[in-house]
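Biologist: I would like to go through how the two chains meet. Please show me the sequence and the structure before we start.

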There are 2 protein chains.
Amino acid sequence: MLEKVNLLTAANQTNGLFQYLKIGQINNHMLNVVQVENRTLDFHVHEQSDELFYVIEGQFAIELDDGMIHLEAGDMIVIPKGTRHRPVVTTRVSCLLIEIEGTLNASNTGGSTQTEHRD
Amino acid sequence: MLEKVNLLTAANQTNGLFQYLKIGQINNHMLNVVQVENRTLDFHVHEQSDELFYVIEGQFAIELDDGMIHLEAGDMIVIPKGTRHRPVVTTRVSCLLIEIEGTLNASNTGGSTQTEHRD
């Protein structure tokens, strides 16, 4: 039978900080959870996919060319493809990310790549 | 500048029960929030898209051919395309739904269709 996933439980099951855990997929999009702390990524662009961030627990910011957007638990934002952005993380945050499979790589995840599959 | 959306705030901004509010999109997928209470839909299938449910507040169940899955706040599930299912809602629940645009119609939303656009 199909299984539900509790986002916070899944985030706490990652193998430590910066380790993406794939919790499922919807059509051609991946669902990943990750915990991050004290890391600011370089500005980057995803050319092929919008990118959805949902804050499960904690808070962080996304910096765009025209300013900073602060996100707290329960907040969601979609970064349109082609939009320069970078996550700015100080205290620990647990996030859900959704994007087309193949969008994430070492250069836009702070060195992490897909290392775990929950299912 | 891009805007974030707080899911609970958005759910509380819908025009009453069973009214889908589009809060954004990711690639070809729609992001909708809805509040539902005391409604069981007919079994149905989405042939063209997986369907993601995320419980923002409250609880409900999804009935499949092989059983019932109970979901609470913070839980997420993806119903693969082609899978017979129906939501079973008793007490009020606020949900996020994600599916390919064009998937939802009157017959699989309990009579509601897309009536509001937040942006």
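Biologist: How many residue pairs are in polar contact between chain A and chain B?
Modeller: This is a predicted model, and the count takes in pairs with both residues at pLDDT 80 or more. Between chain A and chain B that gives 17 residue pairs.

Biologist: How do the residues of the side of chain A that touches chain B divide into nonpolar, polar and charged?
Modeller: Several strands of chain A each supply at least two residues of that side, among them E1 (5-6), E3 (29-36) and E10 (93-100). By class, the residues are 22 nonpolar, 10 polar and seven charged.

Biologist: Which residue of chain A forms a salt bridge with Asp75(B)?
Modeller: The rule finds two salt bridges across the interface of chain A and chain B. In the one with Asp75(B), the closest N and O atoms are 3.4 Å apart, which meets the cut-off of 4 Å. The partner is Lys4(A).

Biologist: What area is buried between chain A and chain B?
Modeller: The contact takes 39 residues from chain A and 39 residues from chain B. Carbon and sulfur atoms give 63% of the buried area. The total is about 2900 Å².

Biologist: What ipTM does the predictor give the complex?
Modeller: Chain A averages a pLDDT of 92, and 92% of the residues score at least 70. For the complex, the pTM is 0.92 and the ipTM is 0.91.

How values were computed. Residues are numbered from 1 along each chain as its sequence is written. Chains are lettered from A and ligands numbered from 1 in the order in which they are written. This is a predicted model: local features need pLDDT of at least 70, side-chain atom pairs count only at pLDDT 80 or more; totals for chains, interfaces and linings use all residues. Side-chain values use heavy atoms; hydrogens and water are left out. Contact means heavy atoms within 4.5 Å. Buried area is the accessible area (1.4 Å probe) that two parts lose on being put together, summed over both. A salt bridge is a side-chain nitrogen of Lys or Arg within 4 Å of a carboxyl oxygen of Asp or Glu. A polar contact is a pair of N or O atoms within 3.5 Å; within protein, one must be able to donate a hydrogen and the other to accept it, and residues adjacent in sequence count only if both atoms are side-chain atoms. Helices (H or I, at least four residues) and strands (E, at least two) are DSSP runs, numbered from the N terminus. Ala, Val, Leu, Ile, Met, Phe, Trp, Tyr, Cys and Pro count as nonpolar, Asp, Glu, Lys and Arg as charged, and the others, Gly among them, as polar. pLDDT is the predictor's confidence in each residue, from 0 to 100.
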